[in-house]
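Hi,

Here is the structure I promised to pass on to you. Have a look at it first, and my notes follow below.

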Amino acid sequence: MKILVTAKRVEDPESKIKVKPDGSGIVQEGLKYKINPFDEIGVEEGLRLVAKHGGEVVVVSIGGKEVQEQLRHALAMGANRAVWVNHTGSLDQMGVAGLLQKVAEKEKPDVIILGKQAIDDDQNQVGQYLAEFLGWGQATFASKVESLESEQEKNKVPALTVGADGKSVRVVREVDNGLATLECALPAVVTTDLRLNLPRYASLPGIMKAKSKPIEELTPAKLGVDVTPKVQVLKMAAPPPRKAGIKVPDVATLVDKLRNEAKVV
């Protein structure tokens, strides 16, 4: 099998995010960055599928030279090679999906695995756009029945089940009232939820090997994609500061404040 997995560079959630005074974006000085956690789960699932069925995991990221840090992280986890789409301008979700479409048409993977969303903008759109652009089936919010403490998880059993004929994939996905099971014909697009797996740590040998693994550089122009944003962020604003909480002496006072001050009861 060939698995294509994304590895978006996002701000570390433990960093303190500040909005610029003019609302044009966030202050980037001093921020730390990491691979999007949902994408890291996708890398792990790809590695498990290849360990079971054979093949390779190709990881792709879009951005400036700095995204090579996230690509090397995925390579250190065990991915075979990487594709870097060199683009430093702004992108909307349709532009990202358009670039990934061309990469997919070039690589011809059996499965594309993306995080269901990126933790920086929480859009949850690229996987769906990509499936539409490619004309492939899709299964979003991939999860599993077993817990993350189960024997299957300890043994790194893939949660995505490939059919015996290699022409379909079965996916357990999270829905509002529980879990649903879908079967998609391959090739297909799958987006990962948090409870799909626990990503492995990159080992020291893996980190050393990652330094020599190939990273292919592409550009939007080379892929023939117009990435002019159709959606623009006009302004950002920090949420209003929350009032400090108070302690109340008894239940009666609490109910009074909820009714007369907060007006929620």
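Val255 is found in helix α8, residues 251–260 (helices are DSSP runs of H or I with at least four residues, strands are runs of E with at least two, both numbered from the N terminus). Val255 is partly exposed at 31% relative accessible area, where buried means under 20%, exposed over 50% and partly exposed in between, with a 1.4 Å probe and protein chains only.

Please keep in mind that this is a predicted model, with local features needing pLDDT of at least 70, side-chain atom pairs counting only at pLDDT 80 or more, and totals for chains, interfaces and linings using all residues. Residues are numbered from 1 along each chain as its sequence is written, and side-chain values use heavy atoms, leaving out hydrogens and water.

Now to the salt bridges: the structure holds 19 of them, each a side-chain nitrogen of Lys or Arg within 4 Å of a carboxyl oxygen of Asp or Glu. One joins the side chains of Glu107 and Lys2 at 3.2 Å, N to O. This pair links distant parts of the chain, 105 residues apart, with Glu107 in helix α3 and Lys2 in strand β1. Glu107 is buried at 6% relative accessibility, and Lys2 is buried too, at 18%.

Another salt bridge connects Arg170 and Glu183, whose closest N and O atoms are 2.9 Å apart. Arg170 lies in strand β9 and Glu183 in strand β10, so the pair ties together parts 13 residues apart in sequence. Arg170 is partly exposed at 44%, whereas Glu183 is exposed at 51%.

Best wishes
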